[in-house]
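Please examine the sequence and the structure shown below.

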Amino acid sequence: REHATRWFADQRYAVLPGSQTNFIVVDVRRDVKAFRDACRREGVLVGRPFPGMPTRARISIGTLDEMRAATARFARALQQ
């Protein structure tokens, strides 16, 4: 969680505070469905959109190695 939270913050994407669970919620500043589709093309699955949160993505947390690989793919997805 710390790696992903820090990565998104370093890229200037707001992570909702307070999560102590197996996921974080990130404001990707774009339609979350488009972000989810871009992530899918990069081989990373992002959960369904939530009502009232059109730009916020729920990112499940894996192992450190998985999150390192995922953040590289998020970077590419966020450029699409």
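Predicted model: local features only at pLDDT ≥ 70, side-chain atom pairs only at ≥ 80, totals over all residues.

**A residue in a loop**

Val15 belongs to the loop that runs between helix 1 (2-10) and strand 1 (23-27). Leaving aside residues up to four places away in sequence, Val15 touches Thr5, Phe8, Ile24, Val25 and Val26.

A distance can also be given for Val15 and Val44, which are 29 residues apart along the chain. Their C-alpha atoms are separated by 19 Å.

**Salt bridges within helices**

Five salt bridges are present in the structure. One of them joins the side chains of Glu2 and Arg6, with an N to O distance of 2.9 Å. Both residues lie in helix 1, where Glu2 and Arg6 are four residues apart, about one turn of the helix. Glu2 counts as exposed because its relative accessibility is 59%, and the cut-off for exposed is over 50%. Arg6 has a relative accessibility of 40%, so it counts as partly exposed.

Another salt bridge is formed by the side chains of Asp65 and Arg68, at 3.6 Å from N to O. Asp65 and Arg68 are both in helix 3 (residues 64-78), three residues apart, which is again described as about one turn of the helix. With a relative accessible area of 57%, Asp65 is exposed. Arg68, at 45% relative accessibility, counts as partly exposed.

**A network of salt bridges**

Salt bridges also link Arg36, Asp37 and Arg40 in a network. Within this group, Arg36 forms a salt bridge with Asp37, and their closest N and O atoms are 4.0 Å apart. Asp37 counts as partly exposed because its relative accessibility is 29%.

**The contact of helix 2 and helix 3**

How do the axes of helix 2 (residues 32-41) and helix 3 cross, and within what distance do they come? The two axes come within 9 Å and cross at roughly 125°. The crossing of helix 2 and helix 3 is right-handed.

On the side of helix 2, the contact is made by Phe35, Ala38 and Cys39, and on the side of helix 3 by Phe74, Ala77 and Leu78. Which kinds of residue form the contact of helix 2 with helix 3: nonpolar, polar or charged? Six are nonpolar, while no polar and no charged residues take part.

Terms used. Residues numbered from 1 in each chain as written. Heavy atoms only, no water. Helix = DSSP H or I, 4+ residues; strand = E, 2+ residues; numbered from the N terminus. Contact = heavy atoms within 4.5 Å. Buried < 20%, exposed > 50% of the residue type's maximum accessible area, 1.4 Å probe, protein only. Axes fitted to C-alpha atoms, helices over the stretch in contact; angles between N-to-C directions. Left-handed = near helix turned anticlockwise from the far one by under 90°. Nonpolar A, V, L, I, M, F, W, Y, C, P; charged D, E, K, R; others polar.
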